[in-house]
Amino acid sequence: MLKKKVVKKNQIFGKVDTGIEGFSVISEGGLPKGRATLISGTSGSGKTIYSIEFLWRGMNKYKENGVFVTFEETPGDICKNVESLGWDLRTMEKTGKLAFVDASPTEGDKILAGSYDFGALIARIIYAIKKVKAKRVAIDSITALFPQYQDAGLIRRELFNLTAALKRIGITTILTSERIEEYGEVARFGVEEFVSDNVIILRNVLEGEKRRRTIEILKFRGTVHQKGEFPFTISKIGFKILPLSGLELIQRSSMKRITLGNKELDRMTGGGLFRDSIILVSGPTGTGKTTMSTTFVDSGCNNGERCILFAYEESQNQLVRNGLSWGVDLTKHINKGLLRVVCRYPETMGPEDHLLFIKDQLEDFKPNRLVVDSLSAMERVLSLNSFRDFVISLTSYTKLKEIAGLFTSTSKTLLGGESITEAHISTLTDAIVILRYVEMHGEMRRGITVIKMRGSNHEKEIREFEIGNNGINIKEPFSGVEGIMTGMARSIILAEEYELKKLG
Amino acid sequence: MKKKAGRKYVLKLYVTGQTPNAIRAISNLKKLMAEELKGIYELQIIDVIKNPQLAEDHKILATPTLARVLPEPIRRIIGDLSDKEKVLLGLDLL
């Protein structure tokens with residue numbers, strides 16, 4: 001007897017897979033089974049969609065029926081609102097998979113005369129659960145109770161009774177509540193969080209003129225989950241959560257090297273790019289980043305590899321024409337089906353949507369090589385945090401799929417300096433190539449150097465290069481010059497001569 | 001006191017089983033009816049645990065809830081009806 005009890009106590013709570021994309025990764029399996037979870041967020045943060053999707057996926061994917069308790073909108077309005085997502089709740093209701101408990105405000109006066117409880121509400125919910133044999137219940141939103149019934153202590157007690165009753169019969173419940181600030185109290189009336197064991201926060205933050213949606217699991221009592229905010233988007237078919245760190249753990253690493261399309265550059269990087277790594281090419285405008293991208297893609301296609309190029313600054317025609325001027329025929333590769341060029345202004349979509357768009361493209365085309373030219377264009381439309389998330393997510397995804405990536409970034413000043421892009425993502429890439437203008441003897445020349453090559457040796461010199469009819473032509477290292485990287489190139493020889501002259 | 005001659009009162013009291021609130025509400029209401037509406041009221045007591053569909057149909061959340069169905073418009077008074085003045089106010093008897 002005793003032994004049995006101990007085992008029961010130590011049992012880990014099961015989880016219920018919500019069916020919401022990405023949620024099982026950040027929650028490590030789903031919502032705690034047979035328990036209540038509070039979803040709190042500001043107005044418009046996606047609480048209602050989340051709770052309906054929880055029920056909808058349950059009914060359609062896991063044969064778990066649901067009950068939706070609505071305090072704000074009528075069931076009719078709710079059905080209409082989610083029609084556009086392809087969720088036909090009316091049919092679900094007719095076929096006995098879904099039941100509504102309509103607790104939306106009634107017409108007419110309500111007078112409070114003495115003590116009361118929410119016995120009728122609890123009875124109705126239990127009745128609805130029995131009617132459709134529900135396993136999932138969503139209650140949206142409990143905030144509406146407060147102005148109507150005023151006594152916060154009583155509401156708290158009654159909600160506690162409700163969740164306890166649902167727990168007893170093994171129902172997994174979602175309660176939503178409204179909050180006023182994105183980073184403040186969990187919920188508006190300060191008591192909502194105490195009625196549930198688990199709290200999830202949905203945010204819709206304005207960051208530098210851009211909206212950014214995130215989901216954070218604040219607590220899961222007695223079980224594990226991932227911590228921190230994860231970006232999500234509400235797509236045409238529902239929630240899509242992008243679990244960033246979840247992906248990083250399973251990366252393999254490859255020792256196989258691939259060519260960057262230029263013998264000298266391969267030599268500089270110690271033998272070419274690792275099969276599953278990311279190289280960042282950074283330099284001011286006009287130094288040859290796009291040329292390098294095109295060369296990279298061309299050499300891939302020539303080896304029969306599939307390549308995809310996201311061009312944010314030039315159209316396909318421009319790319320093809322420019323390629324021809326240094327002897328690269330992109331059209332040939334496109335016609336063969338080895339190359340796909342995607343030209344799109346990043347301004348046309350939100351960041352999360354854009355990432356999904358890229359992922360869809362990658363999944364569809366299954367490339368071996370990926371080029372993003374340039375990341376700085378993405379940076380233009382994203383806030384700093386979103387941009388970092390975007391790059392982390394993209395790099396971990398490409399590594400997972402063993403895609404070799406070349407990203408370009410544009411530095412702000414012509415001479416020296418570093419781009420913001422570089423500063424924020426340099427640790428995320430495996431290799432960095434810097435392109436710089438070098439002013440010498442009244443001429444603008446170009447310099448190239450490899451400053452980072454994870455897991456390999458690389459040349460340390462700054463070499464001169466030109467772009468000619470045959471593409472990139474890397475020459476000898478600059479000698480007798482220093483200060484190129486800072487943009488203050490000066491000839492050491494001249495300076496020495498000058499010093500010597502002064503000495504007489 | 002308002003005139004109630006010729007009027008008929010139809011009242012429904014929703015309760016959850018035999019809770020103290022329910023017992024108090026029934027006794028408070030009966031006392032009040034005997035004093036104020038002798039012979040001209042009709043009272044139905046509904047236990048929402050036995051009849052949850054009725055509670056659903058009439059969108060009852062809190063118990064006890066006293067609904068004045070007639071005369072119209074419908075009025076709802078929530079609680080164990082211990083606040084006599086508010087009950088009378090709610091029933092338009094003040």
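This is a predicted model: local features need pLDDT of at least 70, side-chain atom pairs count only at pLDDT 80 or more; totals for chains, interfaces and linings use all residues.
Chain B comprises three helices and four strands, which follow one another from the N terminus in the order β-α-β-α-β-β-α. Of the 94 residues in chain B, 49% are buried, and the accessible surface of the chain comes to about 4,800 Å², with 54% of that area belonging to carbon and sulfur atoms. Among contacts in chain B between residues at least 6 apart in sequence, those that join residues at least 24 apart account for 71%.

Over all chains, 26 salt bridges are found in the whole structure. Within chain A, one of them pairs the side chains of R57(A) and E53(A), with an N to O distance of 2.8 Å; both residues belong to helix α3 (residues 47-61), where they are four residues apart, or about one turn of the helix. R57(A) counts as buried at 18% relative accessibility, and E53(A) is likewise buried, at 1%.

A further salt bridge joins D102(A) to K59(B), the closest N and O atoms lying 3.3 Å apart. This pair crosses between chains, from strand β5 (residues 98-102) of chain A to the loop between α2 (52-57) and β3 (65-70) of chain B. D102(A) is buried, at 15% relative accessibility, whereas K59(B) is partly exposed, with a relative accessible area of 21%.

In the salt bridge between R203(A) and E216(A), the closest N and O atoms are 2.8 Å apart. The two residues, 13 apart, link strand β9 (residues 198-207) with strand β10 (residues 210-220) of chain A, and both are buried. Finally, R35(A), K167(A), D197(A) and R221(A) are joined into one network by salt bridges that share partners.

Methods: Residues are numbered from 1 along each chain as its sequence is written. Chains are lettered from A and ligands numbered from 1 in the order in which they are written. Side-chain values use heavy atoms; hydrogens and water are left out. Buried means under 20% relative accessible area, exposed over 50%, partly exposed in between (1.4 Å probe, protein chains only). Contact means heavy atoms within 4.5 Å. Accessible areas come from the Shrake-Rupley method with a 1.4 Å probe; for residues, only the protein chains shown count as cover. A salt bridge is a side-chain nitrogen of Lys or Arg within 4 Å of a carboxyl oxygen of Asp or Glu.
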